[in-house]
Number of protein chains: 2
Amino acid sequence: MSLTAFYPGATRHLVAVDCIIFGFDKGQLKLLIVKRSPAPYHGAWSLMGGFVDDGESLDAAAARVLKVNTGLDSIYMDQLHCYGDVDRDTGGRVISVAYYALIRISEHLPQLSPDYDAHWLTLQEIPDLIFDHGKMITDALMRLRDKAHFHPIGFELLPEKFSLPQLRNLYEEIYQRPLDKRNFRKKILSMDVLEKLDEKDKSTSKKGANLYRFDKKKYKELTERGMVFEI
Amino acid sequence: MSLTAFYPGATRHLVAVDCIIFGFDKGQLKLLIVKRSPAPYHGAWSLMGGFVDDGESLDAAAARVLKVNTGLDSIYMDQLHCYGDVDRDTGGRVISVAYYALIRISEHLPQLSPDYDAHWLTLQEIPDLIFDHGKMITDALMRLRDKAHFHPIGFELLPEKFSLPQLRNLYEEIYQRPLDKRNFRKKILSMDVLEKLDEKDKSTSKKGANLYRFDKKKYKELTERGMVFEI
């Protein structure tokens with residue numbers, strides 16, 4: 001039976017996905033923002049997005065947009081919210097499902113597709129964006145804060161090996177407030193989910209800072225036994 | 001300029017809203033489920049839903065579906081998630097934005113529209129539902145638990161005047177586990193957001209249980225001064 005037989009007369013809508021892409025670089029949280037070139041939004045700044053194709057799930061569309069724009073796949077992505085105000089897109093009605101992604105900039109920067117005029121900007125550097133993309137970023141930041149508190153998603157933004165100051169710095173950026181060095185160290189080490197490596201980061205001091213790795217397997221085991229990640 | 005000039009060739013999709021409607025009655029958390037009568041899903045159980053119209057925001061569509069099916073407006077509603085798997089609807093591709101609503105059953109039951117074969121069912125009574133509606137309910141329960149912990153949304157499900165055993169009972173249903181009487185009482189009263197009334201609920205014992213009211217104004221004042229609601 002054809003679709004129209006089931007749902008005659010129902011309105012059809014353009015549905016897009018927009019991606020809020022977070023990265024962490026030189027101690028700062030950054031977002032990947034593009035300068036659009038095709039008309040009618042030539043020169044306008046926006047998130048990366050695209051329409052949802054026929055026969056393509058929302059998750060698949062978001063992954064495709066990320067892949068086309070950055071060359072990356074197998075990246076942490078999660079749905080944020082579906083934006084559906086009638087006039088949100090000045091070009092006509094488009095319903096947009098926003099996703100946020102977390103990327104290790106240092107590992108992936110060289111892969112960034114040169115076809116797009118894409119820039120990693122700090123929160124302070126982000127210019128006015130088209131449509132409701134500014135609101136999407138505000139909402140995504142709030143979600144990232146909420147989620148990072150109870151889930152170890154922050155590690156998706158760090159290199160595989162990191163120092164405790166680097167980790168604290170990341171959380172300071174996510175929470176947008178300074179954190180007490182000692183308390184942070186105590187809290188994170190007490191959960192026993194970091195593996196201390198036999199290497200040091202000497203970029204910031206002569207003595208160097210110990211490097212650690214997040215132990216995913218151990219984290220999984222501990223949470224199965226009731227441990228609550230909280231930082 | 002017409003829409004097609006801006007976005008030529010992009011696929012258009014059917015977009016629906018589905019409403020997960022929570023109520024609380026006789027000490028049990030319930031959901032409003034309908035038995036569909038029109039073909040092709042005659043006799044199948046499902047959530048209440050409908051297509052998003054032209055010129056109608058998603059929030060407005062969800063409010064309309066609730067109003068049409070229950071006769072109610074000005075009800076607590078929040079977006080849950082957008083479901084977009086290609087084959088989720090057996091009648092053809094439909095992208096669905098799920099919303100959850102919280103209703104005071106006792107106050108609104110008589111208003112329930114008789115045009116629909118709608119039933120308040122406990123979590124245990126809910127039969128197999130069409131499409132991914134079962135998954136939507138599971139996701140909504142999880143969200144309700146997460147949100148009720150830090151936000152006073154539970155009160156949306158209770159009568160204006162309630163006893164502490166009633167309130168604890170509601171949280172036991174939301175969290176799906178028993179709560180310690182004393183600790184619960186201590187925690188909720190220490191936040192100072194309940195107004196003790198000069199009335200008693202004598203339905204459960206001769207002595208009666210004190211009735212309370214949630215003080216929204218005080219809650220707002222306290223949270224503005226940094227108080228964190230947590231129960």
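Buried area is the accessible area (1.4 Å probe) that two parts lose on being put together, summed over both. The views below use this term for a predicted model, in which local features need pLDDT of at least 70, side-chain atom pairs count only at pLDDT 80 or more, and totals for chains, interfaces and linings use all residues. Side-chain values use heavy atoms, with hydrogens and water left out; residues are numbered from 1 along each chain as its sequence is written, and chains are lettered from A in the order in which they are written.

**View 1. Chain A meets chain B.** The two chains bury about 3,100 Å² between them. Carbon and sulfur atoms give 64% of that area. Chain A brings 36 residues to the contact, and chain B brings 36 residues (contact means heavy atoms within 4.5 Å). Of the interface residues of chain A, 100% are also interface residues in chain B, so the copies meet through the same surface.

**View 2. Polar links between the chains.** Between chain A and chain B there are 16 residue pairs in polar contact, both residues at pLDDT 80 or more. A polar contact is a pair of N or O atoms within 3.5 Å; within protein, one must be able to donate a hydrogen and the other to accept it, and residues adjacent in sequence count only if both atoms are side-chain atoms.

**View 3. How the copies are related.** A rotation of 180 degrees, with 0.1 Å of shift along its axis, superposes chain A on chain B (RMSD 0.1 Å). The two copies are thus related as by a two-fold rotation axis. The superposition is by least squares on the C-alpha atoms of residues with pLDDT of at least 70 in both copies.

**View 4. Two domains within chain A.** Domain 1 of chain A covers 12–148, and domain 2 covers 158–224. These bounds come from an automatic or database domain assignment. The C-alpha centres of the two domains lie 28 Å apart.

**View 5. Where the domains of chain A touch.** In chain A, 11 residues of domain 1 are in contact with 11 residues of domain 2. The two domains bury about 990 Å² between them, 59% of it on carbon and sulfur atoms. A:Phe24, A:Arg145 and A:Ala148 supply 49% of the area that domain 1 buries against domain 2, more than any other three residues. Across this interface the rule finds 0 salt bridges.

Conventions: A salt bridge is a side-chain nitrogen of Lys or Arg within 4 Å of a carboxyl oxygen of Asp or Glu.
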